[in-house]
Amino acid sequence: MTVQHTLPADIERTSMQIIDEEMRQLNISVDEENAAVVRRVIHTTADFEYAQNLRFTPDAVKKGVLALRGGASVVTDTNMALAGISKPSLAALGSKAVCYMADATVAEMARQAGTTRAVAAMRKAAELSPEAIYAIGNAPTALLALCDLMEQKVLRPALIIAAPVGFVNVIESKERLYAVCVERQVPCIAAMGRKGGSTVAAAICNALLYTATGRLDPAARGWQG
């Protein structure tokens, strides 16, 4: 085994070239408008099935990028996703990312309502940031809460990223969320099926952020090489 010692930017560029070549070999085609998101998720997971199970409403990527350029904030359902979202890119756009899962008021709201913290966190976010980008990588109950809030017309997000992972209500929540987004004309990017996770939600956010800031090439983010 020969280990190649390359600079960070070279590693990322080479990874993306490998992804493109393997998708070609697998006869997988992706719309160019969605390619940056698909590549970033595959780069994060090494899982080419995302090229087929990522579903986009019309112009979802374009609308997400425009929202970020307009200063839209990002709401996540886990601190892990929050940690993975590019803070320099957010700062460059005058935006921020937040997660209310550890908020004491959210815990109390969940206790009183007899629901999950994820539901309470989405309700709080809807009050504070009804037009934010919502990036959900863990809790199906968060997606179902967003559906209810949209149907109640108290929430109209700039974009919803639906990527919970697991076995209970995961598939069903994504299907319902996507259908509600189509009905309400809310942009949505969803990782259909059981797969997903906080890393996937963060990867989708970062693809949008790098596009919005013109930093898809790693050298533009400070990596040399």
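I began with D59 in this predicted model, and D59 counts as partly exposed at 32% relative accessibility; buried means under 20% relative accessible area, exposed over 50%, and partly exposed in between, with a 1.4 Å probe and protein chains only. I found D59 in the loop between β1 (54–56) and α4 (60–69). Helices (H or I, at least four residues) and strands (E, at least two) are DSSP runs, numbered from the N terminus.

I recorded for the model that local features need pLDDT of at least 70 and side-chain atom pairs pLDDT 80 or more, while totals for chains, interfaces and linings use all residues. Residues are numbered from 1 along each chain as its sequence is written, and side-chain values use heavy atoms, without hydrogens and water.

I next turned to K153, which lies in the loop between α9 (140–151) and β5 (159–162). K153 is exposed, its relative accessible area being 68%. I noted 9.5 Å between the C-alpha atoms of K153 and R184, which are 31 residues apart along the chain.

I then looked up the protein chain as a whole. It holds 11 helices and 6 strands. Its radius of gyration is 17 Å, close to the 17 Å of the globule rule for 225 residues, so the chain is as compact as a globular protein of that length; the radius is taken over C-alpha atoms, and the rule is 2.2 Å times the number of residues to the power 0.38. The C-alpha trace spans about 60 × 35 × 35 Å along its principal axes. Of the 225 residues, 50% count as buried.
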